[in-house]
Amino acid sequence: MKYYLGVMFYNFRLEILKELEYAIYSIAWLIMIPLSAFSGYYVLWLMTQQNGNINGWTIGELAFLYGLSMFSHAFQDMFFIQTRFIDYQILEGSFDRALLRPMNVFFQFCTENLNICGLYDLIPAIALFAYGCQKVHFVWNIGNVLGVGIVIIGGTLISAAIYTITGSIAFWTRTSGFLVDL
């Protein structure tokens, strides 16, 4: 386990250094991702302003759920972004490198890239979740915190599994981008 963690942190360190090489690119994503997430929330806010609520859901409850989903999305983007692009690695032959190394193939595949943009997804996730918690009067106790943590981990793993399954179809069809986009 210690060896695997060492490899993972080394790969993540390289990814951070790679991101810092192109600072303008990172700054553009840092602006665009929160702007996009807050725009989505703004649409929900407009809809609730016109209708009072959405099928009984108040804006506070929607902010809570939207923030919660943003956490799962952020962690999925950080750690499992490669699963969306399996087809490219298969076509280029770079996936074969993982088959030759004496490590778990899926572990190598998931830890070879750390998507820094997933960290930028945490900005709106924290803001919207905090706002939603305040609006729904979320009680911060150990049970609720563990429950939220389990929901976030579960959402992350479900999303990663869906992308892995759709991406893995590329082993038979040579392309799976259309399914991943779907």
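**Pockets, core and aromatic contacts**

Helices α1 (2-21), α2 (23-51), α3 (59-80) and α7 (117-135) each contribute at least two residues to the lining of the largest pocket. The model is predicted. Of these elements, α2 gives the most, with six residues. The lining comprises 21 residues in total. Y25, W29, I81, N115 and C117 lie nearest the pocket centre. By residue class, the lining holds eleven nonpolar, four polar and six charged residues. The space in this pocket amounts to about 350 Å³.

The second largest pocket has a volume of about 200 Å³. Its lining consists of V7, N11, Q89, S94, R97, R101, M103, Q108, T111, E112 and N113. Two or more of these residues come from each of α1 and α6 (105-111). Here the lining divides into two nonpolar, six polar and three charged residues.

The largest nonpolar core contains 23 residues. Within this core, F64, L68, F71, F129 and V148 have the most contacts. Elements supplying two or more core residues are α1, α2, α3, α7 and α8 (142-168). Beyond its neighbours up to four places away in sequence, F64 touches L128, F129, G132, C133, V136 and F138.

S72 is found in helix α3. The relative accessibility of S72 is 9%, so this serine counts as buried. Leaving aside neighbours within four places in sequence, S72 is in contact with V151, I152, G155 and T156.

Twelve aromatic pairs were found in a search of the whole structure. Y42 and W45 form a stacked pair, with 5.8 Å centre to centre and 20° between the planes. Both residues lie in helix α2, three residues apart, about one turn of the helix. Y42 is partly exposed, at 46% relative accessibility. W45 is also partly exposed, with a relative accessible area of 33%.

F71 and F129 form an edge-to-face pair. Their ring centres are 5.7 Å apart, and the angle between the planes is 85°. F71 lies in helix α3 and F129 in helix α7, so the pair ties together parts that are 58 residues apart in sequence. F71 has a relative accessible area of 13% and is therefore buried. F129 is buried too, at 7%. F71 and F129 belong to one aromatic cluster, together with F64, F138 and W140.

Note on methods: Residues are numbered from 1 along each chain as its sequence is written. This is a predicted model: local features need pLDDT of at least 70, side-chain atom pairs count only at pLDDT 80 or more; totals for chains, interfaces and linings use all residues. Side-chain values use heavy atoms; hydrogens and water are left out. On a 1 Å grid over the protein atoms alone, a cavity is a set of points where a 1.4 Å probe fits but cannot get out, and a pocket is an open set with protein on both sides within 12 Å along at least five of seven lines; lining residues have an atom within 4 Å of a point. Grid points are joined across faces, edges and corners, and a volume is the space filled by probe spheres set on the points. Helices (H or I, at least four residues) and strands (E, at least two) are DSSP runs, numbered from the N terminus. Ala, Val, Leu, Ile, Met, Phe, Trp, Tyr, Cys and Pro count as nonpolar, Asp, Glu, Lys and Arg as charged, and the others, Gly among them, as polar. Buried means under 20% relative accessible area, exposed over 50%, partly exposed in between (1.4 Å probe, protein chains only). Contact means heavy atoms within 4.5 Å. A nonpolar core is a set of buried Ala, Val, Leu, Ile, Met, Phe, Trp, Tyr and Cys residues joined through side-chain atoms within 4.5 Å. Rings of Phe, Tyr and Trp (its six-membered ring) pair if their centres lie within 6.5 Å; planes under 30 degrees apart count as stacked, over 60 as edge-to-face and the rest as tilted.
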